[in-house]
Amino acid sequence: PREYDFHSAGQMWLGPHGTQPELPPDYDIQQTIGISIAEAIEQVHGTVFRVGPAYIVAGPTSGTSIDYYYENCGVLLGGGVELRDTGTFGFCYRLTK
């Protein structure tokens, strides 16, 4: 199973963990897939995404769906996606992009 939580801006592909600095046991596969996706986005749109555990890339959180689904539901390939906007459109993301 997969679970992704999309946010409007930030250019990040985030995986577990958000609440702790330790890398998850599945870090290698999660990072490999995240980097592949980020490279594809860059090839198509020219936007560079930062990839890695939420705690390291975006900063510590008080709890996220990323961690919940990974730790409680066995979702290996879940994460948070901060979309390509840099703040220009805020929460009104243009569907044409």
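Predicted model: local features only at pLDDT ≥ 70, side-chain atom pairs only at ≥ 80, totals over all residues.

**Stop 1: Val-81 and its core**

Leaving aside residues up to four places away in sequence, Val-81 touches Tyr-4, Asp-5, Phe-6, His-7, Met-12, Trp-13 and Phe-49. Now extend the selection to Trp-13, Ala-38, Ile-41, Phe-49 and Val-51: together with Val-81 they form the largest nonpolar core, which has six residues. Apart from that core lies another, of five residues, including Leu-14, Ala-54, Val-57 and Ile-66. In soluble globular proteins, nonpolar side chains tend to be buried together.

**Stop 2: Gly-80**

Next, select Gly-80, which lies in strand 3, residues 77–85. Is Gly-80 buried or exposed? Its relative accessibility is 5%, and buried means under 20%, so Gly-80 counts as buried. Show the contacts of Gly-80, again without residues up to four places away in sequence: they are Asp-5, Met-12, Trp-13, Leu-14 and Ile-66. Then draw a distance between the C-alpha atoms of Gly-80 and Asp-5; the value is 4.6 Å, although the two residues are 75 residues apart along the chain.

**Stop 3: the whole chain**

Switch to a cartoon view. The protein chain has three helices and three strands, and their pattern along the sequence is β-α-β-α-α-β. Among contacts with a separation of 6 or more, 81% join residues 24 or more positions apart. Colour by burial next: 37% of the 97 residues count as buried.

How values were computed. Residues numbered from 1 in each chain as written. Heavy atoms only, no water. Helix = DSSP H or I, 4+ residues; strand = E, 2+ residues; numbered from the N terminus. Buried < 20%, exposed > 50% of the residue type's maximum accessible area, 1.4 Å probe, protein only. Contact = heavy atoms within 4.5 Å. Core = buried A, V, L, I, M, F, W, Y, C linked by side-chain atoms within 4.5 Å.
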